[in-house]
Amino acid sequence: MKMELIQPFINAADAVLSQGLQGTTQVSNLTMEEDAYRRKGVAGMVALSGDIEGRIILDLEPQTAVRVASHYAGAELPESDALVKETIFELANQVVGNAVSALNDQGFHFRVHPPLLLTAEEGDKTSEDVEALMICFETAMGEIFMNVALRHNKKRMSDHAVMGA
Amino acid sequence: MEQFAPVKRSKDGQPVRYLIVDDSVFARKNLARMIETFGGQVAAEAGDGLTAISEFDRTHPDIVLMDITMPQMEGIEAAERIVQQHPEARIVMVSSVGYQENIVAALQRGARHFVQKPVKPEVLYEVIKYVLGEDGTVANVAGAGA
């Protein structure tokens, strides 16, 4: 997976999280994921289709998710509150939306699908053409994990090439 | 959250009434809290474009804050349908997907402005004043933050 595709997601997550959590964020770990995705806690997934296809997962351990959601809500929320999941969904949506906006300005065209709750403990294994990168952001509220799995839509890209020729 | 000088309706001095349209409860709550700091009032909320149309017909808000990516009917189509029926409608698109094509499509189909998420209250406040134009007035309140 090319770094030029990943960097907008890292930049967007950094911007969204540092603005929302009113503190600095730091990328503490960045690893390629070759095995099936294992959910850590409250996880929201946003799918993309278009020139680049794939999905982005924002995943927080339950206590971190509660702290983050409570910060946004301005009040202590219980772990069972639906607003905890909603907060993670919306954060995932904002990160993807901002990243896609930057990539679109570079000529990639996407459709962003509404966020979904990831309920399975384990996701699909990544394949040769869908590599996944796990990025861990250190924040004042705890670690926030972002898993990015993207691939070029070869048909769409070749269509563009033909049209551009 | 920072407090702003209240924006009122010029015609009667009443709070500006808003329709908030977003499939995310979190986003709706967040916007509602901002509106409160602007001295506004939430007339209604909707979680999709179809409901937005019916809530607009029911409540006739002064301003609609409309997300783009939503189930059933997306925000740009809902904005277009509302403006077709109510050309005076003031719709501000509020979306995390802020690339040029999206913004242009929304404006061409009747939206008055575009604000990218995550929303900064001071940005939304200025956009609302701009979109209201002479139909809005900023109340002079001592101690207000903006």
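Author: Here are a few questions and answers about this predicted model.

Reader: Let's start with Leu150(A): what makes Leu150(A) buried?

Author: A residue is called buried if 20 or more other C-beta atoms lie within 10 Å of its own. Leu150(A) has 22 of them within 10 Å, so Leu150(A) is buried. You'll find Leu150(A) in strand E7 of chain A, which covers residues 142–152.

Reader: And where is Gly107(A) compared with Leu150(A)?

Author: Along the sequence they are 43 residues apart, and in space their C-alpha atoms are 16 Å apart.

Reader: Over to chain B. What is the order of the strands in the open sheet of 5 strands?

Author: The order is E3-E2-E4-E5-E6 in chain B, with parallel pairing. Strands E3 (41–46) and E6 (113–116) of chain B each have a single partner strand, so they stand at the edges and one side of each is left without a neighbour in the sheet. On average, neighbouring strands of this sheet are turned by 20° against each other, direction ignored.

Reader: How do you know that E4 and E5 of chain B pair?

Author: Two strands pair if there are at least two bridges between them. E4 (residues 63–66) and E5 (residues 91–95) of chain B have 3 bridges, in the parallel sense, so by that cut-off they count as a pair. For instance, Val64(B) has Ile91(B) in E5(B) as its bridge partner.

Reader: Which helix packs on that sheet?

Author: That's H5 of chain B, residues 121–132, which touches E4, E5 and E6 of chain B. The direction of H5(B) makes about 175° with that of E6(B).

Reader: How many residues are in contact between chain A and chain B?

Author: On chain A there are 19, in contact with 18 residues of chain B. Helices H1 (3–20) and H3 (82–105) of chain A each supply at least two residues of the chain A side. H3(A) gives the largest share of that side, 13 residues. By type, the chain A side splits into 7 nonpolar, 9 polar and 3 charged residues.

Reader: Which residues have the most contacts inside the largest nonpolar core?

Author: They are Ile56(A), Leu58(A), Val95(A), Val64(B), Leu65(B) and Met66(B), in a core of 87 residues. The largest share of this core, 10 residues, comes from H3(A). Leaving out residues up to four places away in sequence, Ile56(A) touches residues including Phe9(A), Val95(A) and Val148(A).

Conventions. Residues are numbered from 1 along each chain as its sequence is written. Chains are lettered from A and ligands numbered from 1 in the order in which they are written. This is a predicted model: local features need pLDDT of at least 70, side-chain atom pairs count only at pLDDT 80 or more; totals for chains, interfaces and linings use all residues. Helices (H or I, at least four residues) and strands (E, at least two) are DSSP runs, numbered from the N terminus. A residue is buried if 20 or more other C-beta atoms lie within 10 Å of its own, exposed if 12 or fewer, and partly exposed in between; C-beta atoms are placed from the backbone. Axes are lines fitted to C-alpha atoms, for helices over the stretch in contact, and angles run from 0 to 180 degrees between N-to-C directions. Two residues are in contact if their C-beta atoms, placed from the backbone, lie within 7 Å. Ala, Val, Leu, Ile, Met, Phe, Trp, Tyr, Cys and Pro count as nonpolar, Asp, Glu, Lys and Arg as charged, and the others, Gly among them, as polar. A nonpolar core is a set of buried Ala, Val, Leu, Ile, Met, Phe, Trp, Tyr and Cys residues joined through C-beta atoms within 7 Å.
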